[in-house]
Amino acid sequence: MANNIEEQELKDQENPQNEEKEIDLLELFYKLWSQKKLLLIWCMWGAIAGLIIAFSIPREYTATVKLAPEVKTTGKTMSGGLSALANLAGISTAGNAGTDAMYPQLYPDIVGSVPFLTSLFDVPVTDKDGNKYTVKEYLMDETSGPWWGVVLSLPGKVIGLFRSSDDDKNGEHTLNNFKLTPQEDKLVEALRSRVTASVDQKTSVITINSQMQDPVVSAILVDTVVSRLRDYITDYRTDKSRQDLDYALKLNDEAQQEYYNAQQRLADYTDRNQNLATQSARITRERLENEASLAFNLYNETSLQVQNAKSKVQETTPVYTEITPATVPLRPTSPRKGLILGGFIFLAFVACAAWILFGKPLVSEYKLKAQALKEEESNQKKEEKKEENFKDTEKK
């Protein structure tokens with residue numbers, strides 16, 4: 001019985017706090033509800049601002065290609081249990097199994113490198129209306145930005161009018177990846193933000209995206225990026241094998257020529273000495289026949305080396321499977337107008353609520369304090385005047 005009484009007392013002590021919290025929340029709600037017209041006005045202005053921002057941003061279309069590279073598992077690999085644990089932790093064991101330094105995790109760095117991006121400047125593209133440009137021309141002349149970007153860039157354009165360009169002085173400019181011009185650097189940064197590559201750490205699947213304001217241009221560019229990346233990786237992987245093949249072809253050509261020369265020497269000697277039966281003639285003939293046989297064996301061996309080198313080149317050539325090929329996107333990926341509109345309405349509501357609950361009371365309190373200070377100052381001045389008048393009357 002005593003325990004029940006103590007529990008009831010504890011509940012009674014807690015209830016007033018809960019009631020005070022509930023009353024505070026209700027009071028905040030009533031404050032907001034009493035200013036619902038103001039909240040509605042702010043939300044309307046937020047919606048208008050969101051619509052202006054959403055419709056000011058140009059449409060962007062994203063084309064995507066997914067590649068599954070061939071992964072070689074030569075060398076030592078993890079055991080099954082450790083490999084499974086590594087995959088669960090998000091660590092790829094497939095790409096690190098071999099001794100190849102060009103593993104898929106480096107592909108995003110290759111796509112984002114300056115030489116790779118500048119090689120895309122002269123790629124021909126065609127927009128949905130059939131107009132033809134290069135990537136550089138399209139980015140410079142056909143890509144637009146929001147109106148505030150144009151306004152912010154006006155000071156720089158005005159300053160640029162008063163500056164002389166080195167390209168104008170020297171005539172035609174040659175692209176130099178070691179030293180880019182400011183305009184080329186801006187184009188590289190624009191391409192770096194529009195052409196991206198990512199790698200799934202678990203599956204090593206490569207995803208390449210191209211974002212442009214025209215869907216056809218976006219699809220053509222991403223297809224070109226995939227082709228250039230394949231050529232880059234293929235050249236790297238097969239470089240040593242192609243050098244070995246070139247050396248084997250050189251040896252084979254030399255051995256072939258030597259074999260033909262040995263045959264010719266043997267034929268010439270045989271034609272000149274058909275009726276001779278001396279020992280020296282027989283020995284010389286045998287020597288020439290042995291030289292021709294040795295040259296043929298060397299030629300045969302180098303021919304086998306050439307075939308092996310060709311097989312090695314084919315073996316080291318990487319194979320990529322296109323999981324998702326390049327297609328022309330039908331819907332824009334940005335701007336997300338609904339998200340922008342909802343975000344601005346929410347921000348307007350939060351800002352208005354903060355003003356009603358916190359800003360307005362603080363301003364009212366500040367005004368009351370300022371008014372009180374003014375009244376105190378006026379009272380002090382009145383008292384000072386009274387004291388001065390009283391002193392004057394006393395003197396008189």
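**Salt bridges**

Mentor: Arg242 and Asp239 are three residues apart in helix 10, so about one helical turn separates them. Helices (H or I, at least four residues) and strands (E, at least two) are DSSP runs, numbered from the N terminus. This is a predicted model, in which local features need pLDDT of at least 70 and side-chain atom pairs count only at pLDDT 80 or more, while totals for chains, interfaces and linings use all residues. Residues are numbered from 1 along each chain as its sequence is written, and side-chain values use heavy atoms, with hydrogens and water left out.

Trainee: How far apart are the closest N and O atoms of Arg242 and Asp239?

Mentor: A salt bridge is a side-chain nitrogen of Lys or Arg within 4 Å of a carboxyl oxygen of Asp or Glu. Arg242 forms one with Asp239, and the closest N and O atoms are apart by 3.9 Å.

Trainee: With which residue does Arg230 form a salt bridge?

Mentor: Arg230 lies in helix 10 (residues 215-272), and its partner lies in strand 6 (residues 320-324), so the pair ties together parts 92 residues apart in sequence. The closest N and O atoms are 3.4 Å apart, and the partner is Glu322.

Trainee: Is Glu322 buried or exposed, or partly exposed?

Mentor: Buried means under 20% relative accessible area, exposed over 50%, and partly exposed in between (1.4 Å probe, protein chains only). At 32% relative accessibility, Glu322 counts as partly exposed.

Trainee: How many salt bridges does the structure hold?

Mentor: Among them is the pair Lys369 and Glu365, with the closest N and O atoms 3.5 Å apart. The number of salt bridges in the structure is eleven.
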